Amino acid sequence: SEGSQGFAWGRRHTLTLLMMLASAVGYSDRVNMSVAAVSMQQHFDWSQTTKGAVMAAFFVGYLGFMLIGGFLAARFGGRRVLGIAVLWWSVWTLLTPLAAHTSMSVLVGARIAIGAGEAMLFPATYEMASRWAPRNEYTRLTSITGSGIPLGTVVGLLGTGWLLTRFDWPSAFYV
């Protein structure tokens, strides 16, 4: 805690950094499709409408599972929900190239699954912060967690662009 003794690193600070990292990974996984979709559109000869459907599918899962994420975090605890969510969306991200080669409906389903997993991110992190952060630190710790959003976005956009200049589009989902 801060005060006359100075700053002391606590478990809540480690937890905050891990939640920020989860946020960064989630947003990196979210935006990689926006860069990779250009190469995928050429590879699979998609129309703009098809590309748009693939892009929108994520948000179908995200919107559909946000309230469920809040319910699950309150019922089972944010740590458990966040751990399962990160694993869930990471597995579906890794499966995206296979899904794309299987069929459009499987790819759309994979993107919905990624969105559903990422919908759990903020309900779970806010639930954890509400238990771990003292009231006078809650805003600061949730702001640090939220700083993973621009961090992950920048890393995802730049990293995916860099990968696509050196490797084929599936690399964006494997890395």
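A residue counts as buried when its relative accessible area is under 20%, as exposed when that value is over 50%, and as partly exposed in between, with a 1.4 Å probe and protein chains only. With 9% relative accessibility, His13 therefore counts as buried.

Welcome to this structure. It is a predicted model, in which local features need pLDDT of at least 70 and side-chain atom pairs count only at pLDDT 80 or more, while totals for chains, interfaces and linings use all residues. Residues are numbered from 1 along each chain as its sequence is written, and side-chain values use heavy atoms, leaving out hydrogens and water.

**The whole protein**

The secondary structure comes to eight helices and zero strands. Here helices (H or I, at least four residues) and strands (E, at least two) are DSSP runs, numbered from the N terminus. Along its principal axes, the C-alpha trace spans about 65 × 35 × 20 Å. Of the 175 residues, 44% are buried. A contact means heavy atoms within 4.5 Å. Among contacts with a separation of 6 or more, 80% join residues 24 or more positions apart.

His13 has its place in helix α1. Setting aside neighbours within four places in sequence, His13 touches Phe7, Ala8, Glu137 and Leu141.

How far apart are the end C-alpha atoms of α1? They are 47 Å apart, which agrees with the 50 Å that its 34 residues should span at 1.5 Å a residue. The expected span is 1.5 Å times one less than the number of residues. Helix α1 bends by about 45° at Ala36; the bend is the angle between axes fitted to the seven residues ending there and the seven starting there. Just after α1, Asp45 takes a positive phi of about 55°.

In α6 (residues 138-146), Leu141, Thr142 and Thr145 are buried. Their arc around the axis is only 95°, which puts them on the same side of α6. That arc is taken from the directions from the helix axis to the C-beta atoms. The buried residues of α6 pack against α1 (11-44), α5 (121-132) and α7 (148-166).

Arg111 sits in helix α4 (residues 104-118). Is Arg111 buried or exposed? At 2% relative accessibility, Arg111 counts as buried. Beyond neighbours within four places in sequence, its contacts include Asp29, Arg30, Val54 and Phe58.

**Aromatic rings**

Rings of Phe, Tyr and Trp (its six-membered ring) pair if their centres lie within 6.5 Å; planes under 30 degrees apart count as stacked, over 60 as edge-to-face and the rest as tilted. The structure holds nine aromatic pairs. Two of them are set out here.

| Pair | Centre to centre | Angle between planes | Type |
|---|---|---|---|
| Phe44 and Trp46 | 5.6 Å | 15° | stacked |
| Phe58 and Phe59 | 4.9 Å | 80° | edge-to-face |

Phe44 is partly exposed at 23% relative accessibility, whereas Trp46 is buried at 11%. Phe58 is buried with a relative accessible area of 0%, and Phe59 is partly exposed with 45%. Phe44 and Trp46 also belong to one aromatic cluster with Trp169 and Phe173.

Charges meet rings too: the charged end of Arg30 sits over the ring of Tyr27, 4.0 Å from its centre. Arg135 lies over the face of Tyr138, at 5.1 Å from the ring centre. Such a placement needs NZ of Lys or CZ of Arg within 6 Å of the ring centre and within 35 degrees of the ring normal.
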